[in-house]
Amino acid sequence: MRNPMKRMSAPAKLATGVGGAVGVALLTAACSSAGSSSTPAASSSTPASASAPSSAPASGGASASGATVITTASSSAGTFLTSGSGRAIYLWAKDTGGMSACTGACASAWPPVTGTATAAGSAKASDLGTITRSDGTKQVTYDGHPLYYFVGDSGPGTATGQGSDNFGAKWWLVSPAGSDVTASVGSFTVSGASTAATPSSSSGGGGGY
């Protein structure tokens, strides 16, 4: 039996060869396409909404220093030191060498003015200072005198501790010059106390109201 391909013309053979090659190419492409995954890769990026929140900034600010304002008030007895809220401030005649002799029960009745202080009114900033008490707290001084409040004063504008000899020595109001005010003072008018800074809230008890 004769081979049919021998009976085909040259153009026919060429067409058959080309057609076969095209078919093979199409089949190969189809297989290749079927073997590849059409599923997109999962995104590895995290949505912005899922990211951890950043830490909030530290609260601003630093709390205030709590410094006591040492200012002045005037009465018929003259001008003397008070706190910014109008509380009378005293020195004690028993204190010597710039140190406080008032401790224990004395310090409970006559609380030291503690912490740091700023000057206002006729008070002199250059006369302000501090000493370290036996309990480690800082007590405000003025012209070398340790300063105190008196628990017997009912509030701003009163100076019932003036001239007292509690605990064996006199307690006096303090003039802007740093000397003791010996005249009698029971009460006085507080000027601008409503807008003045309040006494220090520092530890150690400034005896604030």
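Are cysteine 102 and cysteine 106 buried or exposed? In this predicted model, where residues are numbered from 1 along each chain as its sequence is written, local features need pLDDT of at least 70, side-chain atom pairs count only at pLDDT 80 or more, and totals for chains, interfaces and linings use all residues. Side-chain values use heavy atoms, with hydrogens and water left out. Cysteine 102 and cysteine 106 are both buried, a word that stands for under 20% relative accessible area, with exposed meaning over 50% and partly exposed lying in between (1.4 Å probe, protein chains only).

The two cysteines are also linked to each other. A disulfide, taken as a pair of cysteine sulfur atoms within 2.5 Å, joins cysteine 102 to cysteine 106, with S to S at 2.0 Å. The link is left-handed, with -110 degrees about the S-S bond, and the count of disulfides comes to one.

Next comes the interior. A nonpolar core is a set of buried Ala, Val, Leu, Ile, Met, Phe, Trp, Tyr and Cys residues joined through side-chain atoms within 4.5 Å. The largest such core has 19 residues, of which Tyr90, Cys102, Trp110, Trp171 and Leu173 touch the most other members. At least two residues of this core come from each of strand S3 (90-92), helix H3 (105-109) and strand S8 (171-174); helices (H or I, at least four residues) and strands (E, at least two) are DSSP runs, numbered from the N terminus. H3 gives the most, with three residues. A second, separate core holds 13 residues, including Ile89, Leu128, Val140 and Val174. As a general background, nonpolar side chains tend to be buried together in soluble globular proteins.

Leaving aside residues up to four places away in sequence, its partners include Tyr90, Trp92, Cys102, Cys106, Trp110 and Tyr148.

Two strands pair if DSSP finds at least two bridges between them. S3 and S8 run antiparallel and are joined by three bridges, with tyrosine 90 opposite leucine 173. S8 also pairs with S9 in the antiparallel sense, over two bridges, and here leucine 173 stands opposite valine 181. S8 and S9 form a hairpin with five residues between them, and glycine 178 in the turn has a positive phi of about 95 degrees.

Serine 175 lies in the loop between S8 and strand S9 (180-181). Serine 175 counts as buried because its relative accessibility is 10%. Not counting residues up to four places away in sequence, serine 175 touches Thr79, Phe80, Leu81, Tyr142 and Val181.

Definitions and conventions. Contact = heavy atoms within 4.5 Å.
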